[in-house]
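Me: Please take a close look at one part of this model, the place where two of its chains meet, and describe it in one connected answer.

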Amino acid sequence: MNAARAGLSRFWNPIPRPLRIVAARLAMLVPQMFGVMMVTFLLVRLLPGDPALLLLGNMATPETIAAFRERLGLDLPVWDQFLRYVWNAAHGDLGVSIFTSNPVVTDLMERAPATLELIGYAMILTILVGVTLAVISVVREGGAVDIGSRVYGLAAGAIPDFWIGLLLIYFFFYTLGWAPAPFGRIDTFVSPPPTVTGFYTIDSIIAGDPAAFFSSAGRLVLPVATLAIVNAGALMKMTKTVFSDVYRSDFIRHARASGLPERVIRRAALRNSLPPIITLVGFLVGFLLGAAVLVETIFAWGGLGQYAVQSVVNSDYPALQGFVLVAAAFILTVYTIVDILYELADPRIRV
Amino acid sequence: MAHFLRYLRRHPAAVVGLALLLVQIIAIIFAPWLTSYSPVEADPLSSLQPPSAEHWFGTDVSGMDIYARVIYATRINLLISIVAVAFAFIVGVPIGLFIGFYRGWLSSLVMRLFDFIQSFPVFVLGMALVSVMGQEIWNVAIVLAVLFIPMFARVIRAEVLSLRERPFVGAARCSGATDFSIMFRHILPNALTPAIVQISISVGLAILLTAGLSFVGAGVRMPTPEWGLMVSTGAQQMILGVWWVALFPGMAIVIAVLSFALIGDMAKDLSDPTTRDR
Amino acid sequence: MRAPGGMPLLSVEDLTVDFGEGTAKVLSDVSFELRRDEVLGIVGETGAGKSVLARALIDLLPEGGRIVGGDLRLDGASILDMDAAERRQMRGGRIALIGTNAKALLDPVETVGAQIARVLRAHKPCSRKEAWAAAVDLLAQVGIVNPERRARAYPHQLSGGMAQRVVIAMAMVANPEVVLADDATLGLDATIQVQVLDLLVKRCRDLGAGVVLITHDLGIIAHYCDRVAIMKDGRIVELDEVGHFLEAPKDGYSRTLLDAAKVRPTPRTGEAADETGEHAPCLLEIGRLVKTFPISGTTEVVRAIDDVSFSVRKGETLALVGESGSGKTTVGQCLVRLLESDSGGIAFDGTDITNMPAHQFRPLRRRIQMVFQEPYVALNPRWPVRALIGEPLQLDPALDRGARARRARELLDLVHLPARLADSYPHELTAGEQKRVGIARALATGPDFVVFDEPTTALDIRVRAQIIDLVRDLQAEIGMSALFITHDLNSVRSLAHNVAVMRHGKIVEYGETEAIFARPAQDYTRMLLAAELPIEQGAAQRERAETLRLAGTA
Amino acid sequence: QGAKTTLVVAAPRTPESLDQEYPPTEAGHEVRRNVNERLLAYAQKKGDDGVLYEDFTTITGALAESYELSPDKTSITFKLRKGVKSYRGNELNADTVMWSFERGWNMKSNFHWYMTQIFKIQDPKAAFTKIDDYTVKVTIPNPSPLLDRIWINSDLGILDATEVKKHLTSDDPWAGRWLSTNTASFGPYQITKYAPGQEVVYEANTNYWRGPAKLTKVILREMPTSANRVAALQAGSVDVAEYLLPRELALLEKMPGVTVHKVFGNYIHRVELNNAKPPFDNVKVRQAMNYLVPREEILKSVYFNTARFTKSPISEIYPAFTDEYFFFKNDPAKAKALLAEAGMPEGFKTQLAYRTGDQIEEEIAVILKSAFAKAGVEVELLKMPASTLVERYTKGEVPMYFFRDMAIVPDAAYVANLWLNSASAINYSKFKSEEVDQKINAGLTSTDEAQRVADMKRVQQLTMESAPWVFLMNPGYQLATRSNVKGYSWYTPNGNAFYDMYKD
Ligand SMILES: Nc1ncnc2c1ncn2[C@@H]1O[C@H](COP(=O)(O)OP(=O)(O)OP(=O)(O)O)[C@@H](O)[C@H]1O
Ligand SMILES: Nc1ncnc2c1ncn2[C@@H]1O[C@H](COP(=O)(O)OP(=O)(O)OP(=O)(O)O)[C@@H](O)[C@H]1O
Ligand SMILES: [Mg+2]
Ligand SMILES: [Mg+2]
């Protein structure tokens with residue numbers, strides 16, 4: 001045991017630290033994914049509702065139902081089904097959606113950019129608003145921003161995202177008429193830009209298509225604002241706690257006593273608050289993915305979230321399974337990245 | 001008590017939190033006296049009426065009185081949330097205590113299990129679970145509890161991990177304290193503050209999740225008076241300019257979650273002798 | 001080098017500070033002057049306002065603090081009249097502050113070289129490269145070996161002493177005219193403390209800077225300072241040349257302070273000889289004890305206790321001394337079974353307790369107790385004093401609830417704590433009171449053997465003296481055996497029959513207290529003894545005072 | 001650019017599959033109508049409301065230029081139109097038709113069901129014969145009054161066999177996979193982009209035998225929430241919004257620039273009761289339930305007068321329909337009396353299931369819950385995913401559930417056979433009446449029209465008396481369009497035929 005460890009560390013320790021961090025994290029991802037697959041599989045398999053019956057509907061004879069079940073592999077023992085599932089998933093095959101007749105992977109890939117674009121911008125806005133407010137309210141304690149952000153911090157955690165989305169729609173679409181009608185990522189009369197990244201805003205810039213850009217950017221405003229309003233408060237509160245601890249810590253006081261300019265001091269404090277903030281941001285990404293389910297429903301966004309809701313409604317096993325798996329994989333990846341960044345950001349952590 | 005009053009004098013936010021909680025408690029107990037309408041009685045001919053003297057918050061598509069439904073929903077929503085959180089607390093805290101205090105393969109296994117549960121998007125997992133188990137109020141509560149157990153266990157475990165290295169634990173052991181006494185009498189009270197904060201966060205989160213589940217149709221059933229379900233029925237109308245159906249239940253959610261957040265802050269301060277007089 | 005006399009470098013006139021309307025004055029009418037090339041010491045008990053004074057001098061009062069009267073002049077110009085930019089330039093550029101606990105003063109995610117360079121660039125226009133070179137150069141000057149490499153280290157990779165040097169380098173990098181050292185060496189080993197202070201004072205003298213040395217240790221005052229100010233309750237009660245102060249303090253408070261510091265009671269060997277003679281039975285025997293800790297991430301281990309053997313007889317007090325990290329606490333904790341030793345044996349009163357199952361050992365805990373090093377963290381913050389003291393009494397099944405309550409009251413009396421504190425929580429107590437609670441807890445069951453782990457560190461001079469008196473009295477009254485772990489050689493002399501000197505987990509020297517102090521056999525022991533600064537002016541310092549007086553600047 | 005020839009449609013969902021063998025759904029029917037051309041069609045007539053309807057009395061040729069029924073109605077001979085080309089330019093001939101039949105038979109789904117269940121065909125070799133390059137004959141074992149009408153059904157389109165055959169694989173010998181996401185037929189449109197859950201793009205078939213469509217491109221966007229479709233139409237982002245709620249239609253009607261087309265069609269929306277299990281095995285209880293329904297209120301507050309009471313199990317526009325046997329009023333006292341007679345004066349507890357996401361059903365369910373409560377019938381509302389619901393009522397596990405359906409063949413016997421014949425697989429309410437069964441079976445094979453009509457009236461009478469369902473509404477079909485969209489037409493499968501539409 002010890003010898004093995006010694007042998008291992010002979011190879012391990014000379015590897016540069018960043019590589020060691022990445023490798024250690026990635027190695028953990030494999031068993032985690034396996035566990036996730038098992039849970040998704042069992043969970044979805046327990047859902048009630050026989051898709052064969054629903055699909056074949058009024059005109060099905062018992063034989064066609066049986067044939068259909070066989071085609072979907074619904075007649076095999078659960079354990080076999082699971083092995084088949086893992087094997088196929090490992091080969092990029094998550095089955096065929098019962099409702100779209102498309103391979104689930106294709107469906108997910110088509111919808112993923114919509115969701116990623118949404119939560120991507122929401123994340124950026126959330127971080128900008130959350131961190132900026134936190135920093136200002138710590139640096140100017142007792143100022144207007146500080147007091148305002150305290151009220152906001154309390155309220156933000158309490159506001160349901162789907163409700164805020166509705167209010168925004170009511171005011172900006174129905175009452176003021178400023179926002180476009182709440183559905184989809186781009187106006188129906190504007191054709192989407194050719195796919196490069198899948199993000200309409202970026203693709204339309206690449207394609208040099210201002211109409212598509214403004215249309216897609218305009219439609220992002222309300223859903224992104226919804227997500228940011230709800231989540232920036234939480235990020236702000238937590239950042240504020242972290243940042244104010246750091247900002248009042250001994251070494252910052254010492255830096256001030258050393259006559260460093262406030263700008264440098266603030267940057268150092270922020271840099272030191274970074275590890276916990278990174279963790280928070282990671283959690284937030286996971287949270288946003290869940291929130292997207294609701295917000296996409298309201299804004300008829302056509303992304304993964306809406307796909308998930310519909311797959312639940314339709315008992316679309318493969319689709320739901322695929323979504324949950326991809327979502328979990330996505331979140332695990334985010335957590336892994338977060339862990340890696342965290343460890344890189346904090347030289348005190350040993351690997 | 002003296003601490004408490006002194007604290008309230010210094011923290012108006014806590015007073016607001018308590019007041020809001022009181023409003024909810026009144027709504028729970030006195031619902032039948034606060035409104036003469038039934039929360040589930042459809043009156044199709046008076047559907048979608050705007051707020052008026054007769055229907056304070058207006059009516060929904062089925063002509064049910066929104067005010068009555070908002071009031072009665074307090075029972076359902078708080079019941080679900082509090083039962084779920086209480087269950088999660090009762091189960092999660094001892095688990096956290098044990099896996100923090102005793103480190104071994106079992107503890108690691110439990111932690112890995114929690115990792116799995118938590119690597120799913122909470123909301124989607126909740127949605128799927130409720131679909132699996134059926135849309136019963138109790139099922140929603142159980143699902144929420146399952147989602148919250150790891151949160152409590154983790155919070156407690158993190159505290160225990162640092163507390164168990166603190167010298168006072170060693171000192172207690174020298175004074176003859178047993179493992180049990182160390183865990184429950186020494187470590188637990190010190191670890192409880194974050195768990196108490198977690199309670200209020202969780203109750204808030206539970207209210208939000210219940211509402212969200214009902215909103216996408218995976219929560220309680222119609223016509224149960226439940227805030228999320230009410231917002232959901234109003235969602236359609238909102239785009240068409242009918243604002244009152246979704247507005248009021250949404251506000252109720254905000255008030256409920258807010259009160260628990262405020263009370264959580266208070267509980268945090270009060271439960272810690274080093275901060276309660278601040 | 002030295003500036004001509006005349007205008008003082010720094011002058012403080014009637015400085016008054018409070019924390020908001022209606023609060024008590026933390027500093028009242030404090031006045032003094034600091035000349036160039038002068039070291040001014042400031043002493044006073046905890047809370048006297050020393051740190052507040054230092055912070056006021058660099059215009060960085062803690063939140064809420066405000067100067068309500070008086071003036072501060074640097075080279076004749078009032079600091080209070082400066083605008084924000086000038087004040088920033090003044091901080092670190094003209095007046096530098098060195099605080100307590102250097103590790104906490106360094107940015108944990110920045111290399112130390114960069115931190116020093118950052119300060120330089122904040123005050124002198126220079127390129128990144130030049131600043132780095134200057135930083136490395138300065139690290140060399142403060143005695144850090146291999147400065148290029150060390151400059152690239154992060155603070156957590158440095159030892160406390162090294163971190164302290166880095167902080168000194170940061171303070172010196174912009175060539176300030178005034179250096180304020182606020183308890184700069186608190187928590188460092190005596191040996192390292194001397195090195196660091198030597199270095200600091202020497203650098204300042206070389207540069208001709210004025211130094212304010214804030215400390216609790218009159219030895220340091222005696223050794224390094226030209227003048228000394230004694231503070232109490234926000235006032236300077238006495239300000240005099242060090243030599244004069246040491247000979248004849250004028251103020252009453254100064255006198256008690258000096259007396260307390262000078263306590264050097266007669267050694268105990270004589271009076272205790274009869275009980276602890278060769279024939280007294282052995283209570284505790286340690287044989288070839290080894291304890292290792294794994295170093296996380298590697299396969300290596302720290303040998304915290306490396307083959308240690310000793311024994312303690314009934315009624316005997318054994319002092320365990322040695323520099324920080326030598327393994328003293330580990331030994332203590334192995335004895336009370338808070339740590340499981342790797343090999344070797346511990347026999348208590350004839351029974352081998354090394355591998356005794358926990359439930360069997362539990363009843364024995366009545367007889368073996370420990371007083372913990374840090375008073376505050378060793379008390380459960382959620383328990384009131386009454387419960388804390390009562391806890392060990394549950395080991396005695398004979399006591400019922402009422403008896404336990406009575407005994408708890410007795411114990412409070414025993415350690416001279418007022419009964420009203422019974423319902424207080426630890427954070428409401430002073431450090432001295434916390435220590436007493438810790439001692440009361442250890443004594444509650446009337447143990448035969450007590451490990452005192454550094455009972456006097458981190459305490460004020462006066463409180464320290466009180467605690468030593470208390471321990472002495474208790475031992476005389478109760479007559480138990482003790483292992484007395486400490487840094488403080490002063491207290492060893494007044495308490496211990498025998499001394500064991502530890503280094504790197506081994507006992508390097510063992511013997512009767514007087515013998516060791518008089519004729520240390522090992523270099524290490526000699527170094528330890530030398531590091532203790534006696535409270536009398538060193539020859540060099542006396543000479544310097546003489547020259548200064550002759551030059552007429554004093 | 002082409003805004004006049006492009007139509008944007010907001011639909012609740014994109015079709016699940018493009019294959020006509022896929023189980024019938026509303027979205028699927030729409031694709032079939034627009035893409036898969038059939039052999040026969042009804043003649044068209046313009047209604048008083050300006051809508052184009054099918055004239056159920058006149059059957060004309062489509063891909064078949066003409067057809068001939070044997071006098072005993074046991075065989076039909078199709079004369080194919082010459083020179084008909086598919087979107088891809090392949091020409092129609094007897095082989096194309098024969099291959100379509102062959103595929104349909106072998107897919108064992110919709111085509112197979114019609115042939116075996118309605119026509120009772122056993123042996124395809126004997127049934128389908130190619131007479132010459134442009135003549136095909138179908139022979140059935142027994143006479144059937146439906147022998148011609150069936151071929152109008154949208155699931156019986158003729159495929160572009162030449163094209164489809166290019167996509168056969170060994171494990172998919174009938175191109176089931178390819179056709180689920182692609183189309184190849186002779187209809188007015190071809191689907192050029194199929195992004196399920198997002199959008200479907202139709203492009204006009206320039207070779208269409210009736211001449212190319214005026215709308216050259218139709219984009220169908222999925223917008224599951226009806227309010228979103230309303231908003232989109234209002235904002236002018238789409239030209240057509242399908243399947244809106246009556247309330248929304250009422251709102252849109254008042255709006256300038258929007259036209260609402262309303263048709264009283266063939267939908268029947270009801271609550272089916274499990275006739276096989278207590279308490280609904282008792283006709284008195286079933287009648288009592290019918291007496292408890294506040295139809296007027298539902299019509300006003302849920303349907304906004306776009307629907308009509310269901311007064312017969314047969315769609316009101318179909319031949320042989322009669323409303324003379326409908327006698328239910330909202331009469332709680334009568335209901336209580338009936339319950340008392342049935343031995344349940346205190347009422348009982350039961351459950352009512354409806355589909356997740358169906359707003360109308362949910363609204364009616366809430367109203368019914370209150371209404372039933374008036375006679376002590378305590379109803380628990382169960383919302384479940386469609387699949388679960390289907391599974392549960394198929395197994396007879398739910399006492400009451402909503403059921404909205406239409407029969408696309410305008411023939412009373414066909415309709416009654418589907419829902420009321422105790423042998424029918426989709427008679428989920430397990431209604432059983434010897435006389436009804438016998439009359440239906442006679443109606444399916446008899447060629448005596450007068451007798452059939454008389455039989456069907458009797459079936460309607462018996463059904464209304466035994467109340468196997470809680471009769472609710474015939475909701476009709478409505479479509480909201482921008483006002484510049486003209487040429488709205490209605491066909492029995494509902495949905496839209498874009499060929500008839502144009503924009504000014
Ligand atoms: N931020 C603050 N707010 C209010 N009072 C303060 C604050 N900081 C210090 N004080 C008060 O000022 C007084 C002097 O504190 P200071 O830290 O200067 O003492 P000190 O002499 O440095 O003590 P020590 O020897 O423990 O370092 C104390 O009574 C303390 O209570
Ligand atoms: N839990 C532990 N894990 C790893 N190493 C430890 C642990 N406890 C102590 N050590 C190491 O063992 C050595 C001895 O530590 P110990 O605390 O006994 O020293 P000490 O003499 O009491 O020092 P001080 O005077 O600072 O209290 C040190 O090098 C320390 O780093
Ligand atoms: Mg101080
Ligand atoms: Mg120690």
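Reply:

**The interface of chains A and C**

About 2,300 Å² is buried between chain A and chain C, and carbon and sulfur atoms give 59% of this area, where buried area is the accessible area (1.4 Å probe) that two parts lose on being put together, summed over both. Of the area that chain A buries against chain C, A:His254, A:Ala257 and A:Pro347 supply 24%, more than any other three residues. This is a predicted model, in which local features need pLDDT of at least 70 and side-chain atom pairs count only at pLDDT 80 or more, while totals for chains, interfaces and linings use all residues. Residues are numbered from 1 along each chain as its sequence is written, chains are lettered from A and ligands numbered from 1 in the order in which they are written, and side-chain values use heavy atoms, with hydrogens and water left out.

In terms of contact (heavy atoms within 4.5 Å), 24 residues of chain A touch 27 residues of chain C. The count of salt bridges between the two chains is 1, a salt bridge being a side-chain nitrogen of Lys or Arg within 4 Å of a carboxyl oxygen of Asp or Glu; the side chains of A:Arg248 and C:Glu63 meet in such a bridge, at 3.6 Å from N to O. On the side of chain A that touches chain C, α1 (2–12), α11 (250–257) and α12 (262–299) each supply at least two residues, with helices taken as DSSP runs (H or I, at least four residues) numbered from the N terminus. The largest share, 6 residues, comes from α11(A).
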